[in-house]
Amino acid sequence: MDQQALAARFEADRDHLRAVAYRLLGSTHDADDAVQASWLKVSQHGIADVKNPTGWFTTVTARECLDRLRERKRRGEVLVADEVTPAAAAPAADEEVTMAESVGRALLVVLDRLSPDQRVAFVLHDAFAVPFADIGALLDRSAVTAKKLASRARAQLHGDSSVSRRPTAEHLEIAQAFLAASQHGDLTTLLKLLAPDVVRRVDRRLVPEHVPAELHGAREFAEESKMFAGVARGGEVAVINGMPGVVVAPAGRLKSVLRLDIRDGRIQAIDIIGDPRELASLDVMLAD
């Protein structure tokens, strides 16, 4: 296959490869870089003996992403909140937000907490149906080990129901209704969900100086929520330390967490956390 035909064949798979790289790296910029680096490798070596070009392109791209994930790990890079207030934060690019929404913001947040090998094994198998034998070869592990890595990743994402404390389905429904009402400025629904004497506590770094760190009362919180409807649109329901909550991750990068204390069918307290060290220490799992 000549270089022009090879380029056309690779280009036909670019969207697929970009989707793989985005799930592995969590950034459109990093994904594009990884796919381009993969093309340079493919173009140098060709695919004369390759029976499944798409599978080979996927392997090369995944290996490139794995190297980058391992490098992040070596540098101790932590992908958590920027230390800025919502007012000062630069808005995420539309495409970045769209990609995060298509994958799931909460999923991206939890994926960032996996080891590089766990993330690769889980994403390639569960999202793209790559056989464990191929994943094992990519990781320099056996197929059995690759399967175990994916299983451990799955447990971290969803939790082990036999040992993990999890909120009830009712509490998760309340959290979802709370998030939707906050996103759309639905004060009537918020007032139904909040206890009359609800307490809202927020990390000072997340709000302007005129907003109190602690607020009491459902009406007061509902009125305040109008100011942060835009921020809420970057949220997704998750399980935070075994409690129902919301991760705010506009482009899949964690900015803050709302931990909801729900009793007797109403939200009694809301703790909004933004300190990067505290965010990194939280146990976050998918709600479903």
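Me: Buried, here, means under 20% relative accessible area; in this predicted model, which residues of helix H8 (residues 132-139) are buried?
Reply: The cut-off of under 20% relative accessible area decides which residues count. Applied to helix H8, which runs over residues 132-139, it selects Phe132, Ile135, Gly136, Leu138 and Leu139.

Me: Why do the buried residues of H8 line one face of the helix?
Reply: The residues concerned are Phe132, Ile135, Gly136, Leu138 and Leu139, the buried ones of H8. They line one face of the helix because, in a view down the axis of H8, they fall within an arc of 160°.

Me: Against which helices do the buried residues of H8 pack, and which residue follows H8?
Reply: The packing partners of the buried residues of H8 are helix H4 (53-75), helix H7 (116-128) and helix H9 (143-158). Directly after H8 comes a residue with a positive phi, near 60°, and this residue is Asp140.

Me: Which residues of helix H5 (residues 94-103) are buried, and which exposed residues does the face turned away from its buried side carry?
Reply: The buried residues of H5 are Glu96, Val97, Met99, Ala100 and Val103. Seen down the axis of H5, these residues fall within an arc of 160°, so they line one face of the helix. The face turned away from that buried side carries the exposed residues Asp94 and Ser102.

Me: Which helices do the buried residues of H5 pack against, and what is the phi of Gly104?
Reply: The buried residues of H5 pack against helix H2 (14-25), helix H3 (28-45) and helix H6 (105-111). Gly104 follows H5, and its phi is positive, near 115°.

Me: Where does UniProt place the feature "domain: RNA polymerase sigma factor 70 region 4 type", and how far apart do the end C-alpha atoms of that span lie?
Reply: According to the UniProt record, an unreviewed entry, the feature is at residues 106-157. In the model this span is 81% helix and 0% strand, and its end C-alpha atoms lie apart by 9 Å.

Me: How many helices and strands are in the chain, and what share of its residues counts as buried?
Reply: The chain contains 14 helices and 7 strands, and along its principal axes the C-alpha trace spans about 70 × 40 × 35 Å. Among contacts with a separation of 6 or more, residues 24 or more positions apart account for 64%. Of the 288 residues of the chain, the share that counts as buried is 49%.

Me: How far apart do the centres of the positive and negative side chains lie?
Reply: The chain exposes about 14000 Å², of which carbon and sulfur atoms supply 51%. It has 37 positive and 42 negative side chains, and the centres of these two sets lie apart by 3 Å.

Conventions. Residues numbered from 1 in each chain as written. Predicted model: local features only at pLDDT ≥ 70, side-chain atom pairs only at ≥ 80, totals over all residues. Heavy atoms only, no water. Buried < 20%, exposed > 50% of the residue type's maximum accessible area, 1.4 Å probe, protein only. Helix = DSSP H or I, 4+ residues; strand = E, 2+ residues; numbered from the N terminus. Arc of directions from axis to C-beta. Contact = heavy atoms within 4.5 Å. Areas by Shrake-Rupley, 256 points an atom, 1.4 Å probe, with all protein chains shown as cover. Lys, Arg positive; Asp, Glu negative; His and termini not counted. Charge placed at Lys NZ, Arg CZ, Asp CG, Glu CD. UniProt positions renumbered as here; feature names shortened; annotations may be inferred.
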